[in-house]
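Please brief me on this protein model.

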Amino acid sequence: MNSFFDERVPSVPCPLPNLVLMLLRLLLLICELFLIVSPSRPIEGNTMTLTCKTRPPPQTLDAKLQFLFYKDGRVLGLARDSLPEFRIPAVRKEDSGSYWCQAKITSIKVKFSHRVQIEVHRVPVGNVSLEIQPPGGHLTEGEKLVLVCLVTGGTGDIIFFWFRGARGLSLKTKTQHSLMATFEIPAVRESDSDQYYCAADNGYGPSLSELVSITVRIPVSHPVLTLRAPEAQLVVGYTVELHCEAKRGSPPILYQFYHEDVALGNSSAPFGGGVSFNLSLTAEDSGNYYCEANNGQVAQRSEVVPLNITVPMEDRNEVLTSGLIELLLGILAPTTLALLFCCWLKRKIGRRTAKDVVRSIPSPVPQESTYFNSQAPEQPHLDYENVNIVSGDEVYSLVYCVQQEQPSAAEEPLGTHPGDKDSSAIYSRLKKADLTDTDYDDVM
């Protein structure tokens, strides 16, 4: 109100002439009363100060004034310590309105200031972002997921929204006088794998965050190993299918097959399910088998499955024969080599002796009798001499047989050589010389 009085001064009884004089004096002295707002453009969340000033200042007046502040006809409060100020620590958007002040003495209203329209300004939200806990976006089924929506700017109450998927399926709405709000999923499931985003609005329209991908993986269960064969009895030469499958687990799943802790091979199931491994049976394939499944969480192992293989009789004989041959070869090979070396050494020594004999062949000399004048005829005397003769590639044994008789003085003149008498030589071919019979010394 711009008028000096909002109501008439009540009549004062005659016994109070001093009070009337004082009020009249105040009316004459107070020329103007007005309201000052600081800052002139208040920002939501900041402090706003209302100051009621008089002209001339109240210090020049003899009476002590009291100040009241109003908003839209509602009393805000009395200034403390008779100071002409009223402070709002954190102004809000809802504090916008029409303000004025009043100066009075005790219960007597003196004067009102003019009205001031105050508009509290709000800072729009900005830089909205979505953070997830745990970080990374890779969770295991059953874990808690926390979606944190943040704004770096904005004043007043902010409405937060959470959405799922590109189409914007609304999950939650929350209003807070804060720059941060959270939304929790206590135990995620595999179906919760999707893209998420949030939005924030404080009256200037929603501001959206970027999309964040969430992946929920299910650890593989214990796989089951199954042996699939064409017949109930497993025989050498048959093909057996080893099938490994985990009933639960997020793909892709890597399967590994083992025989007695020795890896046989692996195969991947990119879309889940099981895989197979074909094994052509041999006698050595009997034993325990198992498989493992792993999808990046924790590897799980199947139960051990025994595999018994029947070996046919002919195969057994072959296995036994081959084993016996290997055993004999392992035992006899060193012995045979030793014997061959001894034979070679003995033959080498024997050939050298035979060559010495060949190189010094004695001439056959018949034995002469010294009993020329003996009356009784002397019995024939046989001399034998065995000489080895080499001729070309054949070896002969030459035996001289010399028969000596006692000649008479008349029949045989002196000077006749005994060698002219009956003598014979017997030749016997022993063997045909081999190329290997050539002595090493001859080569040298």
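The briefing below goes from the whole chain to single residues.

This is a predicted model, in which local features need pLDDT of at least 70, side-chain atom pairs count only at pLDDT 80 or more, and totals for chains, interfaces and linings use all residues. Residues are numbered from 1 along each chain as its sequence is written, and side-chain values use heavy atoms, with hydrogens and water left out. The protein has three helices and 29 strands. Both kinds of element are DSSP runs, numbered from the N terminus: helices are H or I with at least four residues, strands are E with at least two.

**Whole protein**

- Of the 444 residues, 32% count as buried. Buried means under 20% relative accessible area, exposed means over 50%, and partly exposed lies in between (1.4 Å probe, protein chains only).
- The accessible surface comes to about 28000 Å², and carbon and sulfur atoms hold 56% of it. Areas come from the Shrake-Rupley method with a 1.4 Å probe; for residues, only the protein chains shown count as cover.
- Among contacts in the protein with a separation of 6 or more, 60% join residues 24 or more positions apart. Contact means heavy atoms within 4.5 Å.

**Sheet β1-β2-β5**

- Three strands make an open sheet in the order β1-β2-β5, with antiparallel pairing. Two strands pair if DSSP finds at least two bridges between them.
- β1 (32-38) and β5 (85-88) are the edge strands; each has a single partner, so one side of each lacks a neighbour in the sheet.
- Neighbouring strands here are turned by 15° against each other on average, direction ignored. Axes are lines fitted to C-alpha atoms, for helices over the stretch in contact, and angles run from 0 to 180 degrees between N-to-C directions.
- β2 (residues 48-55) and β5 are antiparallel and share four bridges. T51 has E85 of β5 as its bridge partner.

**Sheet β18-β19-β22**

- A three-strand open sheet has the order β18-β19-β22, again with antiparallel pairing.
- The edges are β18 (224-228) and β22; each has a single partner strand, so one side of each is without a neighbour in the sheet.
- The twist averages 20° from one strand to the next.
- Seven bridges link β19 (residues 239-245) to β22 in the antiparallel sense. V240 is bridged to L279 in β22.

**Pairing around β12**

- β12 and β13 (residues 169-176) run antiparallel, joined by seven bridges. W162 stands opposite K172 in β13.
- These two strands form a hairpin with four residues between them, and G165 in the turn has a positive phi of about 80°.
- β12 also pairs with β15, antiparallel, over six bridges. The bridge partner of F161 in β15 is A199.

**Largest nonpolar core**

- The largest nonpolar core has 22 residues, of which L145, L147, F160, W162 and I214 touch the most other members. Such a core is a set of buried Ala, Val, Leu, Ile, Met, Phe, Trp, Tyr and Cys residues joined through side-chain atoms within 4.5 Å.
- Two or more core residues come from each of β9 (129-133), β11 (145-150), β12 (158-164), β14 (180-185), β15 (194-201) and β17 (212-217).
- Leaving aside neighbours within four places in sequence, I214 is in contact with I132, G137, L139, L145, D192, S193, D194 and Y196.

**C149 in β11**

- C149 is found in strand β11. It is buried, with a relative accessible area of 0%.
- Its contacts beyond four places in sequence include V128, F160, W162, M180 and C198.
- The C-alpha atoms of C149 and M180 are separated by 5.8 Å, although the residues are 31 apart along the chain.

**T215 in β17**

- T215 belongs to strand β17. At 31% relative accessibility, T215 counts as partly exposed.
- Apart from neighbours within four places in sequence, T215 is in contact with G137, H138, L139 and S193.
- T215 and E190 are 25 residues apart in sequence and 7.7 Å apart in space, C-alpha to C-alpha.

**D285 in a loop**

- D285 lies in the loop between β22 (274-280) and β23 (287-294). D285 is buried, at 13% relative accessible area.
- A polar atom of the D285 side chain lies 2.8 Å from the backbone nitrogen of T282.
- Beyond four places in sequence, D285 is in contact with H259, L279, S280, L307 and I309.

Methods: A polar contact is a pair of N or O atoms within 3.5 Å; within protein, one must be able to donate a hydrogen and the other to accept it, and residues adjacent in sequence count only if both atoms are side-chain atoms.
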